[in-house]
Structures are given as C-alpha cells and as structure tokens.
Amino acid sequence: MNHYTFPILLGVLVGVITRLIMLKTDTRQYPTRLHGKIVHIAMGFIAAILGAVAIPSIMKKDFSALTFLTLAASQFRDVRNMERNTLQQLDGVELVPRGSTYIEGIALVFESRNYLAMMASFVTTFAYFVFNSPIAGVIAGIASFFAAKALMSGGRLQDLVEIEHAPLRFDGAGLYIDNIYIMNIGLPARQKEIMKYGMGFLLKPKSMDANITLSNLGQRQAILHDVAVGLGVVRDSGTPALVPLAKRDLNDGRIGVFVLPQEHDVEKAIQIIGNVPTLENAIRLSSEAAKGGRTSS
C-alpha cells in the first residue's frame with residue numbers, strides 16, 4: 001500500500017454511503033427491495049471509485065486515467081436508459097400507469113444520483129490531499145452527505161396547490177367534481193359503483209406557474225398513479241368506466257381528481273396527493289419569461 005490508498009478508500013466509502021443514503025424504496029415500491037437496489041448500489045460503487053481516483057491520477061500526471069470519467073458518463077446514461085425501458089415495460093401491466101413524464105423523471109433521478117456519489121468521493125479525496133489529514137476528508141464527506149440530501153429533495157405538489165376533498169355528483173349521465181366535468185357514465189349500475197367507491201378532490205393552484213404546471217398531463221397522471229399505489233384502486237382490466245381521471249377547469253385552472261381507492265381515507269389521500277413529486281419536465285415558470293423578448297439557452 002502507498003500514501004494514495006487510504007484517501008482513495010475513504011473517498012470510495014463516502015461515495016458508497018452517499019448513494020445508500022439516496023437509495024430509498026417508498027410506497028411506489030421502486031426500486032424493488034433487493035434486486036433493484038443491488039443494481040443501483042453497484043453503480044454507486046463504480047461512481048465512487050471513479051471520483052476517488054481522479055485526484056491521485058492528476059497528482060501522478062496519469063491523465064489517461066481521467067478518460068474513465070467520460071466512460072462513466074456514458075455508463076450512467078445507460079443506467080438512465082435501463083431505468084426508462086424497465087419502467088415502460090412495467091407500465092404496460094399497471095392498472096393506473098405512471099405515464100411517460102413520470103418515468104423520465106425517475107430515470108433522470110437515478111442517473112443524477114450516481115453523479116452525486118462521484119462528487120462526494122471526489123470532494124472527500126480532494127480534502128484529504130489538500131490538508132493532508134483524514135479528519136479533513138471525513139469533514140468533507142459529512143458535508144457531502146448534507147449536500148446530496150439537499151440536492152436529491154425535489155419539490156412536492158403541496159408546495160404548488162391547495163388540496164381539498166370534494167363530493168362526486170351526477171348531472172344526468174355526466175360525472176362532476178364541483179363544476180368540473182369528469183366523464184360520461186350512462187349505465188345506472190356503473191353510476192352506483194362510482195358513488196360507492198369513488199372519491200373526488202380539488203387542487204387549487206397557488207400561482208400562475210402552478211396553474212401551468214398542473215395543466216401538464218404527465219403531472220396529473222403521476223397524481224393518479226401515486227394515489228392508486230398508496231390506497232389501492234377499485235378496477236380491473238376491461239372496465240373503462242372505473243378509470244381514475246384528473247380534469248382541468250379551463251376558467252381558473254383548478255384540477256378535479258377522480259379516484260376509486262380501496263381504502264377510503266380522506267386525510268391519507270390528501271397527504272399522498274400533497275407528496276406527489278413535482279415532475280421536472282412538467283414545471284413551467286411563466287412568471288420568469290421575458291415579456292416580448294426571446295428566450296436564451
């Protein structure tokens with residue numbers, strides 16, 4: 001062993017721990033509790049190694065070793081593609097699918113977390129060499145934990161909307177939540193099932209940006225999927241009348257959310273809707289747009 005060994009080991013350890021901190025199986029059950037996690041832990045380990053050896057490679061003027069970083073970026077993009085393809089396959093057998101926008105957001109998150117693990121190991125090794133002290137490396141590693149924790153926490157729907165329970169009603173064959181038309185149900189038997197099992201919620205946007213974000217169909221589909229996962233869903237294949245829907249009031253941008261949960265718990269449903277992640281591909285910041293000007297990239 002030489003004087004590079006301990007800094008590299010410390011960097012790898014911090015990087016792997018950082019990835020473990022960011023790896024969480026929640027109510028959506030993804031990644032799966034064992035095999036799905038093994039894939040992400042393995043990729044996090046590779047990212048940690050690459051981040052940890054960057055500084056020693058520079059110090060030894062072995063710049064060819066740094067080309068592995070570009071290879072890593074390619075591998076992590078493959079991770080993103082793998083997650084996207086896996087979730088798209090799974091979406092085909094979901095009673096309430098995630099939708100392509102939600103899937104792309106999940107795949108992007110798993111790719112970016114490998115970069116955060118690499119950054120944590122890089123910063124730890126860099127601090128170790130700069131101050132020539134393992135304590136400095138540990139302090140940098142702890143700071144990396146907090147930074148990764150902050151960067152991994154995205155927005156939630158409760159930051160954008162006010163959520164309230166609203167009763168369902170039929171006007172002839174039309175199903176309504178408040179004054180928002182949901183769909184047409186002509187069969188009396190289906191109407192009875194919907195009134196028995198169905199629940200309605202109103203989402204009132206807090207700003208114009210929230211209004212435009214909620215108009216995204218992918219964001220609305222994410223709401224329906226998370227409620228179905230958290231509370232179950234009363235439907236089966238071949239029952240189009242029992243499909244959860246989210247429709248928009250064109251006048252004020254409110255969203256009427258119609259769901260058919262197996263567990264009728266209003267407070268829990270409101271909590272689940274509030275915790276739905278704000279999808280990056282759905283966010284619109286119209287308030288920051290230059291009036292009459294051109295956007296820049």
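Biologist: How many bridges join E1 to strand E5, and how do they run?

Modeller: Six bridges join the two, and E1 and E5 (residues 199-205) run antiparallel. Keep in mind that this is a predicted model.

Biologist: What is the strand order in the open sheet with E1?

Modeller: The order is E1-E5-E7-E6, four strands in an open sheet with antiparallel pairing. Strand E1 (161-166) and strand E6 (245-248) are at the edges with a single partner strand each, so one side of each has no neighbour in the sheet. From one strand to the next the twist averages 20°.

Biologist: And E5 to E7, how many bridges there?

Modeller: Five bridges join E5 to strand E7 (residues 255-259), and the two run antiparallel. One of the contacts is Leu202, whose bridge partner in E7 is Gly256.

Biologist: Is E5 mostly covered or mostly open, and how many of its residues are buried?

Modeller: Mostly covered: five of the seven residues in E5 are buried.

Biologist: Other sheet now. Which strands form the open sheet with E3 in it?

Modeller: Three strands, in the order E2-E3-E4, with antiparallel pairing. Strand E2 (168-171) and E4 are the edge strands, and each pairs on one side only. Neighbouring strands of this sheet are turned by 35° against each other on average, with direction ignored.

Biologist: What joins E3 to E4?

Modeller: Four bridges join strand E3 (residues 174-177) to E4, and they run antiparallel. Gly174 stands opposite Asn184 in E4.

Biologist: Where does Gly186 lie, and is it buried or exposed?

Modeller: Gly186 lies in the loop between strand E4 (180-184) and helix H6 (188-197). Its relative accessibility is 55%, so Gly186 counts as exposed. The C-alpha atoms of Gly186 and Leu175 are separated by 9.8 Å, and the two residues are 11 apart along the chain.

Biologist: Changing topic. How many salt bridges does a search of the whole structure find?

Modeller: The search finds 10 salt bridges. One of them is between the side chains of Glu111 and Arg80, at 3.3 Å from N to O. That pair links distant parts of the chain, with Glu111 in helix H4 and Arg80 in helix H3 (residues 67-91), 31 residues apart.

Biologist: What does Arg254 form a salt bridge with?

Modeller: Arg254 pairs with Asp178, the closest N and O atoms being 2.8 Å apart. Arg254 lies in the loop between E6 and E7 and Asp178 in the loop between E3 and E4, so the pair ties together parts that are 76 residues apart in sequence. Arg254 is buried, with a relative accessible area of 11%, whereas Asp178 is partly exposed, with 37%.

Biologist: Now the rings. How many aromatic pairs does the structure hold?

Modeller: Four aromatic pairs. Among them, Tyr176 and Tyr181 are edge-to-face, 5.6 Å centre to centre with 70° between the planes. Tyr181 is partly exposed, at 38% relative accessibility. Ring pairs also link Tyr4, Tyr128 and Phe129 into a cluster.

Biologist: Last one: which residues make the nonpolar surface patch?

Modeller: Met119, Phe122, Val123, Phe126, Val130, Phe131 and Leu151 make a patch of about 650 Å². Helix H4 (residues 100-131) gives the largest share, six residues. Met119 lies in helix H4, and at 33% relative accessibility Met119 counts as partly exposed.

Technical notes: Residues are numbered from 1 along each chain as its sequence is written. This is a predicted model: local features need pLDDT of at least 70, side-chain atom pairs count only at pLDDT 80 or more; totals for chains, interfaces and linings use all residues. Side-chain values use heavy atoms; hydrogens and water are left out. Rings of Phe, Tyr and Trp (its six-membered ring) pair if their centres lie within 6.5 Å; planes under 30 degrees apart count as stacked, over 60 as edge-to-face and the rest as tilted. Buried means under 20% relative accessible area, exposed over 50%, partly exposed in between (1.4 Å probe, protein chains only). Patches are made of residues with over 30% relative accessible area and no salt bridge: like charges are joined within 9 Å, nonpolar side chains (Val, Leu, Ile, Met, Phe, Trp, Tyr) within 5 Å. Accessible areas come from the Shrake-Rupley method with a 1.4 Å probe; for residues, only the protein chains shown count as cover. A salt bridge is a side-chain nitrogen of Lys or Arg within 4 Å of a carboxyl oxygen of Asp or Glu. Two strands pair if DSSP finds at least two bridges between them. Axes are lines fitted to C-alpha atoms, for helices over the stretch in contact, and angles run from 0 to 180 degrees between N-to-C directions.
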